[in-house]
Amino acid sequence: MLIVCPTPIGNLQDATPRQKDALASADIIACEDTRRTGKLLELFGIARKDGTPRLVSYHEHNEAGRTGELLRALDAGQTVVLTSDAGTPTISDPGYRLVREAAAQGHEVVALPGPVAAMVALSGSGLPTNRFFFEGFLPNKTKARKERLEALRALEVTVVLYESPYRVVELLEDVGAVYGEGHEVCAARELTKMHEEYMRGPVAEVCAELAAREIHGEFVVLLAPWRPNEAEEDIDAQIDAKIAELLEEGMRPRGIKEVVAELFDVRKSELYDRIERVKKGD
């Protein structure tokens, strides 16, 4: 039997009795990091007797070769438990090849329910959840990342991304460039841990907040659904904000028209009524 067994993403109390039983009864535990999983067994009070359960590494660099070894163990009647360092195996982690091959060869496959950072963040984001797309990690290079964001934008659904603390600011900058700086996002970090945090708001504001401080913890970044007229609305908001700023500085309407027309490539004749509207706070 192959058991797909999630592990906590931060809080050990999230482990279920079924997960603990699976780990304790395994002949082999296939895991990303044997040292980390060994420590987890100790914290759960699961003793390894005569080297059982046997811990074997299973990650993206050895998945192809290790899958055959684990299939042979299943053929011999052993119980293999597939885990990841944190969360549910096969979700943005190795494992689907083992599950597919085990099922194809007639072995029983049991998947236990458990935490997925993407789903935890989505449920706490406040963004629409009726339709969403889980993308995981985007390309490292800016050009490729923007191209993928443009494709995701066209889906017009909530998009769920993973990112490291080292690249999250760059990611948000690219989101602002593709979706617009006023686009609503949520950046969640340290989920289920002591310093769990959700940052919600326009992407430019969330990006600026993160850029101004030292960042720790892996991120789930969620993008609100794109609306086709959003870019136009974002430009309108920027124009009104600039008019308000110049009015506050005491500039006369004629001067405001000159500045705004130059900055946003709009006709001066369109700006008089707009300036009056901003003056009145409409």
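Mentor: Gladly, and let us start with pairing: two strands pair if DSSP finds at least two bridges between them. Helices (H or I, at least four residues) and strands (E, at least two) are DSSP runs, numbered from the N terminus. Keep in mind that this is a predicted model, in which local features need pLDDT of at least 70, side-chain atom pairs count only at pLDDT 80 or more, and totals for chains, interfaces and linings use all residues. Residues are numbered from 1 along each chain as its sequence is written, and side-chain values use heavy atoms, with hydrogens and water left out.

Trainee: How do you know that strand β1 and β5 pair?

Mentor: Strand β1 (residues 2-4) and β5 are joined in the parallel sense over three bridges. The definition asks for at least two bridges, so they count as a pair. Within this pairing, Val 4 stands opposite Ala 111 in β5.

Trainee: What is the strand order of the open sheet with parallel pairing, and what makes β3 and β5 its edge strands?

Mentor: The order of the five strands is β3-β2-β4-β1-β5. β3 (54-57) and β5 (109-111) are the edge strands, as each pairs on one side only. From one strand to the next, the twist averages 20 degrees.

Trainee: What makes you say that helix α4 packs on the sheet?

Mentor: Contact means heavy atoms within 4.5 Å, and helix α4 (residues 96-104) touches β1, β4 and β5. Its direction makes about 145 degrees with that of β1. Axes here are lines fitted to C-alpha atoms, for helices over the stretch in contact, and angles run from 0 to 180 degrees between N-to-C directions. Helix α3 (residues 63-75) lies across β1, β2 (28-31), β3 and β4 (80-82), at about 150 degrees to β3.

Trainee: Why is the peptide bond from Thr 52 to Pro 53 called cis?

Mentor: Its omega is near 0 degrees. Pro 53 sits in the loop between α2 (34-43) and β3, and Asp 50 is found in the loop between α2 and β3 as well. Asp 50 has a positive phi of about 55 degrees although it is not a glycine. Both features deserve a mention because most residues other than glycine have a negative phi, and most peptide bonds are trans.

Trainee: Why is Asp 50 called exposed, while Ser 92 is called partly exposed?

Mentor: Buried means under 20% relative accessible area, exposed over 50%, and partly exposed in between (1.4 Å probe, protein chains only). Asp 50 has 83%, so it is exposed. Ser 92, in the loop between β4 and α4, has 36%, so it is partly exposed.

Trainee: What makes Gln 19 buried?

Mentor: Its relative accessible area is 2%, which is under 20%, so Gln 19 is buried. Gln 19 lies in helix α1 (residues 17-25). Beyond residues up to four places away in sequence, Gln 19 touches Cys 5, Pro 6, Asp 14, Leu 112, Pro 113, Gly 114 and Pro 115.

Trainee: What is the order of the open sheet with mixed pairing, and why are β6 and β9 said to stand at its edges?

Mentor: Five strands follow the order β6-β7-β10-β8-β9. β6 and β9 (197-202) each have a single partner strand, so one side of each is left without a neighbour in the sheet. β8 and β9 run antiparallel and are joined by six bridges, with Val 185 opposite Gly 201 in β9.

Trainee: How do you know that Gly 136 is buried?

Mentor: Gly 136 has 1% relative accessibility, under the 20% limit, so it counts as buried. Gly 136 is in strand β6 (residues 132-137) and touches Val 160, Leu 161 and Tyr 162, not counting residues up to four places away in sequence.

Trainee: What makes a group of residues a nonpolar core?

Mentor: It is a set of buried Ala, Val, Leu, Ile, Met, Phe, Trp, Tyr and Cys residues joined through side-chain atoms within 4.5 Å. The largest one here has 24 residues, and those with the most contacts inside it are Leu 149, Leu 161, Tyr 179, Leu 210 and Leu 223. The largest share, seven residues, comes from α7. That helix lies across β7, β8 and β10, at about 5 degrees to β10.
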